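Q: I would like to learn how to read the features of a protein model. Please take them one at a time, with the general idea before the case.

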Amino acid sequence: MARHDRIKLSIDSRLSDVRLVGASVRSIGLAAGFDDRDAGMLQLALEEALTNVIRHGYQERPGHPVEVEVNLRPDRMTFVVTHQGEGMRSWPPKTDQPPDPTQEGGRGIFLINAIMDSVRYSAKDGRTCITLIKRRAAK
């Protein structure tokens with residue numbers, strides 16, 4: 001693998017498309033040298049981020065683009081999720097407490113933060129970007 005590889009994926013704002021990107025990212029993670037467990041965790045974090053974009057940013061309305069850029073470097077894997085839906089009202093959200101186990105949903109951001117080494121959020125010119133970084137374990 002080159003010192004820096006970039007892959008771009010684009011889906012429509014449909015929840016049914018989320019698993020396609022998740023499975024692709026899992027395969028990319030395995031090919032990039034992440035073990036099976038970590039590749040599965042990358043898949044989970046990205047699927048949670050995409051689900052939040054579609055549910056909250058686009059209110060589950062299809063017909064809107066959601067873009068994922070995957071950047072591979074020798075020491076890390078970075079995902080940049082970009083959309084034009086509604087952004088978050090505040091960042092960072094309060095995630096220091098585990099989600100209520102009796103509630104359905106509400107675990108996405110908590111899981112993403114628990115899995116990834118870094119999570120950043122930015123909004124500019126009508127576009128929202130969520131950047132997720134996972135460092136590769138030293139061998």
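Q: Which residue in strand 5 does Y121 stand opposite?
A: Strands of a sheet pair through backbone hydrogen bonds, either parallel or antiparallel. In this predicted model, Y121 faces I130 of strand 5. Strand 4 and strand 5 are joined in the antiparallel sense by seven bridges.

Q: What is the order of the five strands in the open sheet?
A: The order is 1-2-3-5-4, with antiparallel pairing. Strand 1 and strand 4 (118-124) are the edge strands, since each pairs on one side only. On average, neighbouring strands of this sheet are turned by 15 degrees against each other, direction ignored.

Q: Which strands does helix 1 lie across?
A: Helix 1 lies across strand 1, strand 2 and strand 3, and runs at about 165 degrees to strand 1.

Q: What span should the 22 residues of helix 2 have?
A: At 1.5 Å a residue, helix 2 (residues 36-57) should span 32 Å; the C-alpha atoms at its ends are 31 Å apart, so the two values agree.

Q: Which residues of helix 2 are buried?
A: An α-helix has 3.6 residues a turn, so residues three or four places apart point the same way. The buried residues of helix 2 include A39, L42, A45, L46, A49, L50, V53 and G57. Among the elements that the buried residues of helix 2 pack against are helix 1 (18-31), strand 2 (65-73) and helix 3 (108-115).

Q: Is F34 buried or exposed?
A: F34 has 5% relative accessibility, so it counts as buried. F34 lies in the loop between helix 1 and helix 2, and its contacts include L42, M77 and K134.

How values were computed
Residues numbered from 1 in each chain as written. Predicted model: local features only at pLDDT ≥ 70, side-chain atom pairs only at ≥ 80, totals over all residues. Heavy atoms only, no water. Helix = DSSP H or I, 4+ residues; strand = E, 2+ residues; numbered from the N terminus. Expected span 1.5 Å × (residues − 1). Buried < 20%, exposed > 50% of the residue type's maximum accessible area, 1.4 Å probe, protein only. Contact = heavy atoms within 4.5 Å. Pairing = 2+ DSSP bridges. Axes fitted to C-alpha atoms, helices over the stretch in contact; angles between N-to-C directions.
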